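Here is a short briefing on how two chains meet in a model. Take a look at the structure first, then read on.

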2 protein chains.
Amino acid sequence: MHLWPDSEERSLSGKRILVTGATGFLGAHLVARLVEVGSHVVALIRPASNLWRIQHILDRVEIVPCDLSHPETANLESSLSDVQVVYHLAAAGVDQSYQDAASIMQTNVMGTLRLLQLARTRKVERFVYCGSCSEYGPGTRLSEDSLPAPTSEYGASKSAAWMLARTFFQRYGLPVVSLRPFNAYGPLEAANKLIPHLIIKAIENSKMELTGGEQTRDFVFVDDVVGAFLAAAVIPDAVGGTFNVCTGLATSIKEVASAIVELTGSAVQPLFGAVPYRDTEIWTLSGDPGRARHSLGWSARTSLRNGLDKTMRWFREHRSRYPMYRAS
Amino acid sequence: MHLWPDSEERSLSGKRILVTGATGFLGAHLVARLVEVGSHVVALIRPASNLWRIQHILDRVEIVPCDLSHPETANLESSLSDVQVVYHLAAAGVDQSYQDAASIMQTNVMGTLRLLQLARTRKVERFVYCGSCSEYGPGTRLSEDSLPAPTSEYGASKSAAWMLARTFFQRYGLPVVSLRPFNAYGPLEAANKLIPHLIIKAIENSKMELTGGEQTRDFVFVDDVVGAFLAAAVIPDAVGGTFNVCTGLATSIKEVASAIVELTGSAVQPLFGAVPYRDTEIWTLSGDPGRARHSLGWSARTSLRNGLDKTMRWFREHRSRYPMYRAS
């Protein structure tokens with residue numbers, strides 16, 4: 001997929017890079033790319049984690065067992081030895097079915113604090129904090145200057161950790177860059193997420209029951225997201241900044257489902273309205289990509305149609321390898 | 001000082017009201033006023049707290065021992081029985097000499113989360129969150145719509161807890177009101193704070209060594225702050241809002257010191273420049289009082305001169321009773 005490393009990738013080659021959340025959807029893609037460009041990746045991984053997403057590169061990654069919900073562990077401290085860049089993607093509560101607010105806050109806020117403190121002591125060159133579009137409330141082309149208005153404890157925890165990271169930049173000059181990915185999608189995304197769910201249904205011609213599908217989201221292909229993460233670690237002007245990782249386009253669930261059915265050539269007809277909307281439904285959520293374009297020199301290159309097509313092809317080819325993609 | 005209860009005070013009469021941070025400077029003034037207007041006050045107090053500020057009203061307050069840094073305690077849960085209004089003022093790290101960031105975050109963020117969860121379960125009528133001007137970075141006439149930009153872990157913790165409270169309003173409809181007091185001053189303020197420190201020096205004619213004193217702050221008299229807290233608990237339109245509690249006026253430390261020397265008739269000459277500025281000095285910090293005036297119908301009534309005069313008289317008359325005001 002990548003021809004030659006560009007300058008950002010070259011400047012990460014040979015660096016010792018800590019990645020938290022390395023077994024997650026974004027984390028696994030990031031780690032794979034870093035390994036590919038020649039970084040030495042130290043992956044912080046909870047002892048209970050399933051390594052399926054990074055199984056194929058495990059021999060090229062240094063694994064440090066550590067649970068950020070118990071951040072006082074000595075492993076965390078030693079994992080930062082000689083680390084030049086920290087990518088902090090670990091978070092509890094990404095899966096909306098997990099609702100233990102105290103545990104979410106403990107991991108996401110207290111864990112981030114500890115990591116920031118260690119990164120400061122170790123004088124890392126760059127600390128990239130992975131935030132989330134859930135730090136915002138609903139809205140269209142939301143700018144990074146909008147007031148946080150999370151509608152879930154998870155969103156509040158991500159925003160609280162963002163604020164801590166920002167404080168470490170302001171108070172101690174820690175070179176923090178904060179990213180806010182919107183709806184990332186692509187290969188290896190969890191089976192219960194919208195796009196994998198729809199692709200699997202379409203491929204298997206099984207009943208596709210949906211809400212009315214009028215909600216809109218800003219979908220961004222995972223390879224593009226990884227590109228933003230690389231830029232965030234190397235662009236000098238990025239330090240201290242917060243950047244949306246988004247396309248700026250709001251696409252309805254309905255459009256996504258229809259495109260997937262068309263791309264797969266499936267005979268299935270999406271049943272819009274078969275499932276009720278959530279009480280807490282967010283109707284519109286898209287970001288303004290202007291600041292990332294201006295300061296990181298980054299913008300999403302993959303159209304939704306192209307990204308869905310790549311994702312669909314990947315699922316067709318690879319999903320049989322992964323038990324988590326078996327139809328339920 | 002108060003002639004007749006106004007309508008806000010009348011509507012709090014007879015209510016069961018939980019106050020956290022009741023032994024603090026603002027908390028003690030709030031509790032005293034609530035007792036005066038006939039509320040039934042339940043005060044959450046750490047077992048180790050010094051009760052000096054509320055000693056004179058202890059017989060009219062229900063004390064519940066509880067440390068919010070261990071929020072799982074059963075006392076916290078039972079303290080909320082039949083409570084109609086919660087005033088949440090407890091926080092670690094108010095004193096800048098306390099710098100244990102993990103403990104500050106634990107108390108201020110995890111403790112607030114637990115309290116919000118219980119308040120939601122108990123269906124309280126109003127939850128007043130006491131934030132802080134330290135949630136902002138430096139600035140003049142800062143509006144509540146400014147992006148938080150704390151320069152300390154304490155400020156970050158207050159802002160993180162504010163975000164949680166906001167989320168509980170947005171997600172669960174908990175009737176939260178957030179206040180952001182600026183530089184409150186008055187009787188009972190800690191002896192190491194600027195205004196008590198200067199008043200005691202002036203009264204005792206002892207050497208008054210200061211920085212250059214060019215920093216400006218928005219000083220607001222504690223009786224006025226309490227007025228904002230009462231309004232926040234009763235005004236229907238306040239729910240879901242965040243309100244600066246400030247005057248809008250930025251006054252330099254130099255002006256404050258000179259006014260105190262003049263009001264006390266002290267012979268002492270403030271030595272400006274005798275102490276170096278802090279590395280992390282915030283040069284300007286004042287708020288926009290417009291929203292509180294518009295939505296709470298509240299504005300500060302006490303001029304700085306008048307407030308300093310009242311404070312000075314109180315210190316002259318009462319400080320001998322309190323060991324904490326003995327000159328060091």
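**Where the chains meet**

The contact draws 28 residues from chain A and 28 residues from chain B, where contact means C-beta atoms, placed from the backbone, within 7 Å. This is a predicted model, in which local features need pLDDT of at least 70, side-chain atom pairs count only at pLDDT 80 or more, and totals for chains, interfaces and linings use all residues. Residues are numbered from 1 along each chain as its sequence is written, with chains lettered from A and ligands numbered from 1 in the order in which they are written.

**The chain B side**
- Helix 5 of chain B gives the most to the side that touches chain A, with 11 residues.
- That side of chain B divides into 14 nonpolar, 10 polar and 4 charged residues.

**Helix 4 against helix 4**
- The axes of helix 4 (residues 101-121) of chain A and helix 4 (residues 101-121) of chain B come within 11 Å and cross at roughly 165°.
- Helix 4 of chain A is therefore roughly antiparallel to helix 4 of chain B (angles over 145 degrees count as such).
- Residues making this contact include A:Met105, A:Val109, B:Met105 and B:Val109.

**Confidence**
- Chain A averages a pLDDT of 94, and 97% of the residues score at least 70; pLDDT is the predictor's confidence in each residue, from 0 to 100.
- Residues 1-5 of chain A stay under 50 in pLDDT.
- Where pLDDT is low, the predicted coordinates should not be read in detail.
- The model scores ipTM 0.91 and pTM 0.94.

Note on methods
Axes are lines fitted to C-alpha atoms, for helices over the stretch in contact, and angles run from 0 to 180 degrees between N-to-C directions. Helices (H or I, at least four residues) and strands (E, at least two) are DSSP runs, numbered from the N terminus. Angles under 35 degrees count as roughly parallel, over 145 as roughly antiparallel, 65 to 115 as roughly perpendicular and the rest as oblique. Two residues are in contact if their C-beta atoms, placed from the backbone, lie within 7 Å. Ala, Val, Leu, Ile, Met, Phe, Trp, Tyr, Cys and Pro count as nonpolar, Asp, Glu, Lys and Arg as charged, and the others, Gly among them, as polar.
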